[in-house]
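Here are my notes on the model you sent.

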Amino acid sequence: MLRLFLEENFSGKNLVVVSNREPYIHKKVGTQIKVDRPAGGLTSALDDVLRAAGGIWVAWGSGSRDKDVVDNKSCIPVPPGNPSYTLKRVWLSPGIAENYYHGYANQVLWPLCHITLDRVYFRKRFWEDYKKANRIFAKAVLEESSDDSIVWIHDYHLCLLPGFLRDCKSDLTIAHFWHIPWPDWGVFRVCPQAKEILEGLLGNDLLGFQIPLFAKSFMDCVKECLDADLDYQNAVVTYKGHATRLKAFPISIDYQKFHAMATSRRAVNAIKRIKQKHRLDQGYIGIGVDRLEYTKALIKRLQAIDLFFERYARYRGRVTFIQIAVPTRTKEPYLSYQKAVGELIARINGKHATTDWKPVVYIDKKVEHQELVAYYRMADIGIISSVYDGMNLVAKEYVASQADGHGVLILSELAGAAEELEGALLVNPYDVEGFSDLIYKALKMPHTEKASRMAVLRQQVRANDIYKWIADILHEIVNICWMKSATGRYLFDNLDRIPVKNTFLFLDYDGTLSPIVESPDKAFIPGEIRDILLRLKKHMPIAIISGRALEDIKERVGIEDIIYAGNHGAEIWNGRRQVVRRHSAGDRDRLEELLRRLREDLMPIQGVMVEDKGITASIHFRKVSPKDMGAFFDAFRETVRGYEDTFRITAGKKVFEIRPLKAWNKGKAVSWIMEKFGKRKMPIYVGDDTTDEDAFKAIKGRGVSICVGGNPEADYYLKRQEEVGEFLEQLTGLSKISSFANL
Ligand code: ADQ
């Protein structure tokens, strides 16, 4: 899928990924040079992207032998043995590296963004070298990019890079993903370089955050600090004439890889070995896996564990907590933190241990992934206690490795992952007493509830894996590229090119006539737009084209004498009666049968809504409680099995869509309507959705297509849905003039 997307959208484009950390490190081992790959889902997923798309990865060459293997442009083809893209290394002197990385990045931006202000340490030389390092990165990127390159930057080490690049090459497309939280203005304001940091980041075309809250906090900071135009509704900041779009893209993991590793024989053997080694055959197991990092709040978690054994003493000897913590930063305050964690574990073990059991097993080193999934799979409880966290991938790794499906995830409500992972037990890590009670609750939870919570979690992570994250970001980048190349294609700059004589107007509904809303049943057409359409229909034929059922769309628009196409054109109303009912009787019978079975099988589960749209159907489950979600998915999956030869079943936001495999599309609908009712007319089509692409294509060369938000297939774009009303209003005026001219 990803490869196909990249081939279609990125061929001919030069993709430049930039990060502090490199994907391949050359080190000296004995007398030999060895290539190391830093572990981590993100690095390997980005590596996949570059392998498929080609391009360049620019990163700091931090390995002891990195310099020995590059060419005179500091480049080396990678992956070793089967090269498909270029790694370009950036060299930082030890002094600059120290101040830029250990200084400004780790002692200023990291604690600032994680709201641990007592750990923030500003030094002038940190900032000076941070600027120098960003300039060195900028020079390297510029050497390798042309005006139509796409630069994709990662994280807080490179805040100034987008601004530096924009100053030198204003046409570059620049996107940046911010992996850590973005704090409120009340916190960010303490940064002496707040203005410069924000200005640097506003060099981006796209700035991605983990969750919407961080994007909003960023916007608030810009509002307080810079004289910029802010469009909160569309999340766009315009500063010094340049627009930056902000958007949330929750990062994820390679679900299938973790699932496959967890169900492998190697995992089963590893579990046996680990249990034997730590004498864990009896009783419950809790797991914590973290970088040894104060924001992950290992101390709070250990305090909660200590209190748990105090308050629920009967669990002594029956529960063991395994804490795997890898030290990744080797300076202060990490050394003191490591010492404090070690001492606290020793104290807890001293206090509660028995002759053949100790409450906490401490593994203070990196554990290979295959081994890590074994720990995840065997653990009855996974604990994440961060005091603030961009996302937290361990939570998702634990879920994906829960092949037996009955572990309980205790997740800090202050981690970005808490926004997504319904089914977890959320904890406030500062409330140590509440935390210890939650551990008790997790242990006492009935088996059925554990299973249904875990089923919900697994479905969520499976449906939103790292490849979807990448595709969502790249899709947004492609749209931005198109919008930029479409300068001059903004509809309001081209009104004189819009045909007003002999025109046939086609309009999509959701996102075009009606704003996008949380729940589809609340999507109503604004009164002013209805009034405009009532006036406009006197001057030109109008057709509304929608994926909704015909009756539904007719009722929502509520205007007589116009054409409606429902169910993507499988039902058409010509203004007086229904002229197309493209039901295959067989499909309808099958759908009825499937819906009857679904109603029966899902009846015991509260909150399921089955919507029969005649030709298609939607199964809404927004109102199903998390504890029943597992049962819902199981029953749904079981019931639809055997119908996949007739229907395509796709997942939306808390809804499953069921459509006949042979269903029509909006392109075919427009062509059919033009053929029947508008042979010599000129179509104008306004839509916003990917399903409108078929219509844009269908009228290419014989009409005008307009996309709200932009689409490479459309002739012109509108920036937002509200502009549709403005356009229709203008069209009314223009049409009147043209009617008079024709008299
Ligand atoms: P981190 O804070 O590093 O990164 P986190 O999401 O907590 O990331 O993931 C840590 C990773 O390290 C996991 O993949 C985990 O398996 C691995 N790991 C931890 N301890 C390990 C050990 N002992 N041995 C082996 N592997 C270990 C930042 C942000 C996060 C955000 C990520 C991704 O702080 O909030 O989720 O980026 O955007």
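**Notes on the predicted model**

1. A polar side-chain atom of Asp-389 comes to 2.6 Å from an oxygen atom of the ligand. A polar side-chain atom of Gln-210 lies 3.1 Å from an oxygen atom of the ligand, and a backbone N or O atom of Gly-390 lies 3.0 Å from one. The ligand has 720 Å² of accessible area on its own, and the protein covers 88% of this. Accessible areas come from the Shrake-Rupley method with a 1.4 Å probe; for residues, only the protein chains shown count as cover.

2. On the basis of these notes: this is a predicted model, in which local features need pLDDT of at least 70 and side-chain atom pairs count only at pLDDT 80 or more, while totals for chains, interfaces and linings use all residues. Residues are numbered from 1 along each chain as its sequence is written, and side-chain values use heavy atoms, with hydrogens and water left out.

3. The shell around the ligand consists of 23 residues, and the closest are His-179, Arg-291, Asp-389, Leu-393 and Glu-397. A residue is near a molecule if one of its heavy atoms lies within 4 Å of it. By class, the shell has 12 nonpolar, four polar and seven charged residues. Here Ala, Val, Leu, Ile, Met, Phe, Trp, Tyr, Cys and Pro count as nonpolar, Asp, Glu, Lys and Arg as charged, and the others, Gly among them, as polar.

4. Which elements supply the shell around the ligand? At least two residues come from each of β13 (284-291), β14 (319-326), α13 (369-378) and α14 (393-400). Helices (H or I, at least four residues) and strands (E, at least two) are DSSP runs, numbered from the N terminus. Domain 1 (2-92 + 133-248) and domain 2 (255-464) each give at least three residues to the shell; the domain bounds come from an automatic or database domain assignment.

5. The structure holds 51 salt bridges, a salt bridge being a side-chain nitrogen of Lys or Arg within 4 Å of a carboxyl oxygen of Asp or Glu. One of them joins the side chains of Glu-476 and Arg-245 (2.9 Å, N to O). Glu-476 lies in helix α17 (residues 466-485) and Arg-245 in strand β12 (residues 242-248), so the pair ties together parts that are 231 residues apart in sequence. Glu-476 counts as buried at 11% relative accessibility, whereas Arg-245, at 26%, counts as partly exposed. Buried means under 20% relative accessible area, exposed over 50%, and partly exposed in between (1.4 Å probe, protein chains only).

6. Asp-68 and Arg-65 also meet through their side chains in a salt bridge (3.2 Å, N to O). Asp-68 is partly exposed at 49% relative accessibility, and Arg-65 is partly exposed at 26%.

7. Lys-679 and Glu-675 form a salt bridge between their side chains (3.5 Å, N to O). Lys-679 counts as exposed, at 60% relative accessibility. Elsewhere, salt bridges that share partners join Lys-73, Lys-88, Lys-139, Glu-143 and Glu-144 into one network.

8. Is Thr-646 buried or exposed? Thr-646 is buried, because its relative accessible area is 13%. Thr-646 lies in the loop between α21 (626-640) and β26 (647-652), and its side chain makes a polar contact with the side chain of Arg-590 (3.3 Å). A polar contact is a pair of N or O atoms within 3.5 Å; within protein, one must be able to donate a hydrogen and the other to accept it, and residues adjacent in sequence count only if both atoms are side-chain atoms.
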